[in-house]
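Please load the model in your viewer, with sequence and structure side by side, and keep the selection panel open. The stops below are meant to be taken in order.

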Amino acid sequence: MNHMTDHIIFATNFSDASHAAIPTVTRWVDAHNARLTLLHVYNPARTLHRDAEAQLRSFYAEADNYPNCRRVLLAGNVCSTISAFCKRERDGLLFMPPSDRTSLPRPFHISTRARLLETLEMPIWTLGKATLNTGAAVAGRNIAVALQNLDEPTGYLAAAASHALRHNSTLHLLHVVPETTEGTLITALHSDAPLGIESALDHISNIASELPAGLKVEVHVRMGQRWRELKSLLHECDAELLMVGRSQTLHRGLFRSSIDPMLNDCNIPIVCLPEHMDVSPSRSRAPYLAAA
Amino acid sequence: MIVSNDLSFRRIWPQASRRLLILLLFDCAVAALYSFTHAKWLTLDGLPLAPLGSALTIFLAFRTNAAYGRWWEARQLWGSLVNTSRALARQFLTLIDSSTPGADTLKHQLVRYQIAFAHSLRCHLRRQNPFPEFGNTLNRAQIEELRGYDNVPAAINLKMGELLQKAREQGLVDSIRAVAIDENLTQLSNIQGACERIKNTPLPRQFAYLPRILVNVFCYLVPLGLVADLGLMTPIASVLISFTFIAADLVGSDIENPFENTIHDTPMTSLTRTIELNLREQMKDATKLRPVTAADGFVY
């Protein structure tokens, strides 16, 4: 993808979902020959350092045999500590599996993922559903990029293209034009995004023309209800990984932000990329990315 | 694998909470309706709860037994792998003649392949990529060669067989000793095959599907059968009875797949680490590794 995949930071709370994400993390580590950091943040008021350390040591124990693996144990507030750590380690990809599903309503729950997505200028890998598919791919044959807000910067597209090129995958650019209603027209007054299918196709084709020449790109544009159409497009292009701009992953409520419910229903892994993303070549992969 | 008795209900059975909460709400509604509105039509006085419960218990016991049989077989197979690995390493190190130059390298190579076999079998069963783990055990060329195979543990077994044949051709091991070693290599193949059988053959789906439906139906009938006698106390008795059946249902479904990297799993990570530590010790390899111990009541 870019230099971020030189370093994978796996933030874990030792939940079942974290354990279920291990095969996917392993696949990423192997595919990118990446360094792996297993990060756990504990609350010193509730957990003893000794206990937290023992848990971290026993979690993903096979990683002790990996060439570049370290375990980092930090105390403090989960969100701010992960954020501070990741800001120091900017060349990384943060793995944040969803929390375990209790199937009970959590009206006052504040999602750590959502808060990190809001504050952290770093790519974040996550999943919609807590039930992880152990076959979750690093790239697969098809990578989908949901381009929803066309009037916003699409700098992350270069990172997605680089990742697709690296894995010889086809990049599918997906866009859903909202159905024209009075509401849409009012919103359109404040946006430069195209309103019709043809103009959206032109717009995305222009974006696609700036992508590397060797990359296989397909553009899919539909009109309709966003999630229904996006789900159908993901199915149609047989995507194994969805890449989205960070702003599209959040649903901003009155009191708090949460993960967009549409992405929560997605059953393939999602990589959330910051809109302004630095796609500088990695230290170890510079020649590889030069082609991109 | 769960090794502690002192674990939170939410951690072990997060999926049970929803079922019990919905049942509790239903029970409370039935009890309140009957007690305050005298809705006599809600009661099922003549409902034979005891025979129904007994029949369901037999069904659940069959299913739990079958699931436990799979879980225990998986554990026995991995115990057998530990023993066979130690025996094989001992044979590699003691039965192959050391007097020829290069023999020690060959012996150590065989033991390292055996360590890699244990790791790769675990990864094979958990659908995990084994290659990053081989860095400490195999060299780059050996790892790249293994990437060409879909079934990596079988490929490693083959490599060990080829090395044994090479040793035989060089006169480092005689036919009788080679046959003894080969028997243990075959034993590895048998263990792998048995694990794959458990992994790839689910418990008959009727065993999983029917008990769940019957338990749900029974749990919703319980308050209707009890409400005439217990009135407002119905939810307490009903939830307790329901919990017993739901727990029996969940125990079966939790342990029926022992190779899924969950808390109910066979502790393959811990066992492969034990194998690696033991075999490295036999080789007098100074590589330091920690044993994988239980943390927070679980060992993986």
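This is a predicted model: local features need pLDDT of at least 70, side-chain atom pairs count only at pLDDT 80 or more; totals for chains, interfaces and linings use all residues.

Residues are numbered from 1 along each chain as its sequence is written, chains are lettered from A and ligands numbered from 1 in the order in which they are written, and side-chain values use heavy atoms, with hydrogens and water left out.

**Chain A as a whole**

Select chain A and colour it by secondary structure, which comes to 10 helices and 12 strands (DSSP runs, numbered from the N terminus: H or I of at least four residues for helices, E of at least two for strands). Of its 292 residues, 53% count as buried, where buried means under 20% relative accessible area, exposed over 50% and partly exposed in between, with a 1.4 Å probe and protein chains only. Among the contacts in chain A with a separation of 6 or more, 80% are between residues 24 or more positions apart, a contact being heavy atoms within 4.5 Å.

**Two buried residues**

Next, select A:Thr126, which is found in strand S5 (residues 124–126) and counts as buried at 5% relative accessibility. A polar atom of its side chain lies 2.8 Å from the backbone oxygen of A:Met96, and a polar contact of 2.6 Å joins the side chains of A:Thr126 and A:Arg113 (a pair of N or O atoms within 3.5 Å; within protein, one must be able to donate a hydrogen and the other to accept it, and residues adjacent in sequence count only if both atoms are side-chain atoms).

Then move to A:Leu263 in helix H9 (residues 261–264), which is buried with a relative accessible area of 6%. Leaving aside neighbours within four places in sequence, A:Leu263 is in contact with residues including A:Gly128, A:Leu242 and A:Gln248; from A:Leu263 to A:Gln248 the C-alpha distance is 9.2 Å, at 15 residues apart in sequence.

**The interface of chains A and B**

Now show both chains: the contact takes 27 residues from chain A and 29 residues from chain B. In chain A, A:Asp30, A:Glu62 and A:Asn65 lose the most area to chain B, together 25% of what that side buries, buried area being the accessible area (1.4 Å probe) that two parts lose on being put together, summed over both.

How many salt bridges does the rule find across the interface of chain A and chain B? There are 3, a salt bridge being a side-chain nitrogen of Lys or Arg within 4 Å of a carboxyl oxygen of Asp or Glu. Select A:Asp64, whose side chain meets that of B:Arg273 at 3.3 Å, N to O, and that of B:Arg290 at 3.9 Å, N to O.

**Salt bridges within chain B**

Finally, select B:Arg126 and B:Asp265, which form a salt bridge with the closest N and O atoms 3.2 Å apart. B:Arg126 lies in the loop between H4 and helix H5 (140–146) and B:Asp265 in the loop between helix H9 (234–255) and H10 of chain B, so the pair ties together parts that are 139 residues apart in sequence. Both B:Arg126 and B:Asp265 are buried.
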